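Me: Hi! I've just opened this one and could use a hand finding my way around. Can we start where the chains meet?

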Amino acid sequence: MRMLTGAAVAAALAMLPVAAAADTDEIVWGDTLPSGLDPHVVYDVPMQFYMLNVYDGLYRYIGNPPELTPWLAESHEVSEDGLQWTFTLKDGVTFHDGSPLTADDVVYSFQRLLTMGRGPSGAFLPVLAPEGVEKVDDLTVSFTLSQAYAPFLAAIPLVAIVNQDAVEANVVEDDWGSGWLTSNGAGSGAYIPDAQTYIPQEKLDLAINPDHFWGWDDNADPIEIVRAYPVQETSTRVLALINGDIDATDSYLPTDQVERVEAAEGVGVASDESMRIMIIRMNNRRAPFDNENFRKCVSHAFDYEAFIEIVLGGFPERNAGPLPGNLWGAPDDLEPYGYDLEAAAEYCDAARGEGAELDRPLEIHIQSALEQTTQAAEILQAGMAAVGVTVELVASTWPTLTSAAGSVETTPDMWVHWVSTYFVDPENWIGQMYDTTFAGTWKASSWYADARVDELLQAARAETDRDVRTGYYEEASRIIVEDAADIWIYNTVQLRGLSDRLEGYSFSPVGSGGELRWMSVTD
Amino acid sequence: MALFIVRRVLMIVPILLGLLLLAFGMLRLAPGDPAAAIAGDNATPEQIAAIREDLGLDRHVIVQFADYAWNAAQGDFGVSAYSNRAVGLDIAQRLPATLELTFAALAIAAVGGIVIGALSGAWYNSTFDHFVRVVTVLGLATASFWFAIMLQLVFALDLGLLPLRGRLPAGMEVPPDITGFLLIDSLIAGRLDAFGATLSHLALPAITIAFGGLATVARFTRSSVIEAMHSEYAAYETAVGYPRRRVLFPFALKNALVTPVTQVGLLFGAFVSNAVAVEAVFDWPGLGSYLVQAIFAADYTAVLAVTLVIGFVYGVVNIVVDVVHGLLDPRVAERM
Amino acid sequence: MLILRKFLRDIPAVLGLAIVALAILIAFFGDPLIVDGAQAVIPDLRSRLQPPSWEHPFGTDNLGRDIFTRVVMGTGGALTVSTTVVAAAMAIGVPLGLIAGYTNGFASEAVMRVTDVFLAVPQLILAIALAQVLGRGLEAAVVALAATYWPFFTRTVYAETRRVRTLLFVEALEGLGAKRLRILAMHVLPNVAAPIIVRATIGMGFIILTSAVLGFLGVGATPPDPDWGLAISEGRNYMPGAWWMTTFPGLAILALVLGFNLLGDGMRDLVDPRLRRSR
């Protein structure tokens, strides 16, 4: 009894003065924040949101399908042999502290990234050394690659340009200022982070940068203050949206919540085809997964249709191979594996006939924080049980799994994850997933090894003609799918709950539509 | 008495050392190479080796422990993989939220428990008493995270009476950080709006956590009230013709109030435990939700640092409780 | 059988015993008498998220599994975990408490100081940290819970042993030259057994709650285990639409823990009549 009274009093108190907070140029963004604010250290999907808004890069992906647009760069040139890249910067760009952004900052940013060797450096380290980045003049930077690397330009937007003076003023020992930059901003982007408000993965306020170099001519009424307040639990997040506490959810709404959002007033769901494939990895070097027939057995034992149509409400598109179906290089005629328990049983029998040992319980590792990985694993478990193979689920986490991918022995039998768009080039998927040079990284955790595929992927990397590259990737895709290296499930349709007062939301697979500078609010 | 207090405070030293040893041992037990974890996804073996050296992982275990203990004593627990910055900083930012929640729950449990307990003790074996007993027993048997979800469902969703999550409305300006306790800071800043909002945001999580403790306090209060009512003094007063209530409040209640104080230490431990899952449910930006996020990030450094800090706070609370108890009842102090 | 009659008069305690007995029966015979246990883990996507009905009294979950079946199948798991943890904690805690309580000197001191360290952090927090370090899964959770629960037994047994030791007959036995181990096993242990049993009964309920929290936080049972705590956590994503996914497993926890608490309270009254029922 007492409790109820207490609660009512508290509620009454709350009613009094809160209403004043509503302001037309302010939104609350409920999507996840990165696990740290240093763009040269953290390399996850939420970081793309932060980078797009707080930092600028030489180039930027805009729209869907994403188009590579010159951003800080005016233009670029490539030498005939593809080794020498020269970028000309726009004049008059300033950082948030008012100092000019020059070639020095660009050189510093790349050298910082490459020397620390963290974050997105993996896309460059094989072909670019810190010394390979040089200032030509105040507005010109040149990059000298050790070998031709076609995806170089596609990967350029991964590198945020940081304010050299601001970072260097905060260097402690040889940390490259990382201890400071992880909770502060040193960018030039359209929004300025307020470090005072920052609590990791809890909240961060962003204020508009009226002097952003791109100008605000294309958005008459931009949002002035963005409060990035991630809401941890899915159901809470959806309710917060419906209640009006937040203006946007993350972009992975479970389909069961989509109906609720759509039924509610004043909110809606933006659905956009992305480039993010869901995949069940198999450790191709561990028995029985070293047996091709067994891998085909597993590939036929997953109920793709039920998973996509029922659990996921039919939103995503079945994806036949390792490249998102909507990206160049993915063969149009690739036949996806279907759910067929008879075929699965035959392949398993064939595997047994070849001496594959299928009696031990096989492990599939899930990511506890991501419910879909559990459901997919349970569906595969049921399918495998039907052909007499025991599969056990093991709860794990992303950091544990990525570090386990370091060696064949520690890589699990199977695990579930997605490969999102970091840069829009087949290299981001098939290139880094099935070329043996990437063995030991999480993307290559199936330990697939095929000489012809290696040859194709390496040739595609060195070739600049897209048509030729397309041919290489198509052939490689066919071989990999024929070998049933992994279980590719679908290409994601991203579903983000949005308040109706938000306008100008435009999706791009890079950053998942989180670029705030195009948005405005109506009331 | 001063000697008692000093002795009681010194008793925590070996316990803290033991805790440090326990945490250090668990850190060593943790799977995975901390150097590899820090190095990230693209690290070369050379980079990992360099980080190992930086972290001092190549030194003797005892040296490492001494180092860990020395750093921890200064609030330096290492770098969190979850936030990429000092764990100590994260904890300092979040500890006040957890303490505010826990103390609010303690206040609810104490006040609610004493009132309910006193009433049901005064009218024991009445319908009200039976009802209270059922409710208090239920309180001890309820999984707090589940109760939290149920309260959310009813009060935030169905009735829309109370906020669903967080510590303040997203758009509200936070009062200047002085104590870290929003209830106090908002008053200092003269921000009644923030005070009210804090109170309404506190309500559901604090009630959830208090529910189990309410039962404990009510039970103790009830039985000491009954005991007092059956005492010869009370019997005499009633016999002389004083109404029951007049007897109850000055005498029985005064005695009954000492008991809950002795329970505060235990309750605090239980409440901090419950806060872990409850904070996660309500998105309360405290140590509990940090711990849960750290679990999902496999961030052992953070998990163990939180354990240590909670152990420390728990120890301090218990010291305070013992000292207060000693002041209330000098026999306790003599026994030590 | 005075004790039995006294116990039977205590209605809440009898209710507790009935709940616990029912739970044990369900754990042993729930499959196949009440439900088909195999159905607890087999997804049936076409009937997912159905509200309670005659066919599915508790509704179905996100993979179309019958929640009633899963709650019934989860009973055994809850009892197994709590029995294992309490038994293991007793196996460690009781001997240590006996030794520490019976002897003086270094061993006694050492045991009690270690106990203090473990009790210096709320058990759940320590169990979470330990379960996390040991790797995920039910086994890790059970080890973590046992490794953090034994000090409670040590404390209880220590205090009781101290009390019993000062009783005259123990000194007399020692005077007669009886072996220590024999005295401990034949004379001290029976005298401290009652508080141990009470502690164990209430501990069963407590461990069920704690392991549910671990399951909820993802450091306990692994899917598709029909663990109650895990089920609540899985149901959260479907709130408030599919409220039945969280509600029924939560009620199951409530009922079973209530059973153990009522039973434990009743037994405490029998063992120690000085304490009033209301405590």
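Predicted model: local features only at pLDDT ≥ 70, side-chain atom pairs only at ≥ 80, totals over all residues.

**Chains, pairs and a sheet**

Me: Thanks! How many residues does the contact take from chain C and from chain A?
Reply: Chain C gives 19 residues and chain A gives 27 residues, with contact meaning heavy atoms within 4.5 Å. Between them, chain C and chain A bury about 2000 Å², 54% of it on carbon and sulfur atoms. Buried area is the accessible area (1.4 Å probe) that two parts lose on being put together, summed over both.

Me: And how many salt bridges are there between chain C and chain A?
Reply: Three. A salt bridge is a side-chain nitrogen of Lys or Arg within 4 Å of a carboxyl oxygen of Asp or Glu. One to look up joins A:Glu233 and C:Arg236, at 3.2 Å from N to O.

Me: What about chain C and chain B, how many residues are in contact there?
Reply: 45 residues of chain C touch 48 residues of chain B. The area buried is about 4000 Å², and carbon and sulfur atoms give 76% of it. The count here is one salt bridge, and B:Arg219 and C:Asp265 meet in a salt bridge at 2.7 Å, N to O. Three residue pairs are in polar contact across this interface, both residues at pLDDT 80 or more.

Me: Which element gives the most to the side of chain C that touches chain B?
Reply: That is α10(C), with eleven residues. By class, this side of chain C divides into 31 nonpolar, seven polar and seven charged residues.

Me: New topic: how many salt bridges does the structure hold over all chains?
Reply: 41. Take A:Asp38 and A:Arg112, which meet at 2.7 Å, N to O. The two sit 74 residues apart: A:Asp38 in the loop between β1 (26-29) and α2 (45-54) of chain A, and A:Arg112 in helix α3 (residues 103-116) of chain A. Helices (H or I, at least four residues) and strands (E, at least two) are DSSP runs, numbered from the N terminus.

Me: Is A:Asp38 buried or exposed?
Reply: Buried, and so is A:Arg112. Buried means under 20% relative accessible area, exposed over 50%, and partly exposed in between (1.4 Å probe, protein chains only).

Me: Where do C:Asp116 and C:Arg113 lie?
Reply: Both are in helix α4 (residues 106-119) of chain C, three residues apart, about one turn of the helix. C:Asp116 is buried at 13% relative accessible area, whereas C:Arg113 is partly exposed at 37%.

Me: Last one: what order do the strands of the open sheet in chain A have?
Reply: The six strands run β12-β16-β11-β15-β13-β14, with mixed pairing. At the edges are β12 (317-318) and β14 (391-396) of chain A, each pairing on one side only. Two strands pair if DSSP finds at least two bridges between them. Strand β13 (residues 362-367) of chain A runs parallel to β14(A), joined by six bridges, and A:Leu362 stands opposite A:Val391 in β14(A).

Me: Why is strand β11 of chain A largely enclosed?
Reply: Look at β11 (residues 267-282) of chain A: 14 of its 16 residues are buried, so the rest of the structure largely encloses the strand. Eleven bridges join β11(A) to the antiparallel strand β16 (residues 487-499) of chain A, with A:Gly497 as the partner of A:Val269. β11(A) also pairs with strand β15 (residues 414-419) of chain A, antiparallel over six bridges.

Notes
Residues numbered from 1 in each chain as written. Chains lettered and ligands numbered in written order. Heavy atoms only, no water. Polar contact = N/O pair within 3.5 Å; in protein donor to acceptor, adjacent residues only side chain to side chain. Nonpolar A, V, L, I, M, F, W, Y, C, P; charged D, E, K, R; others polar.
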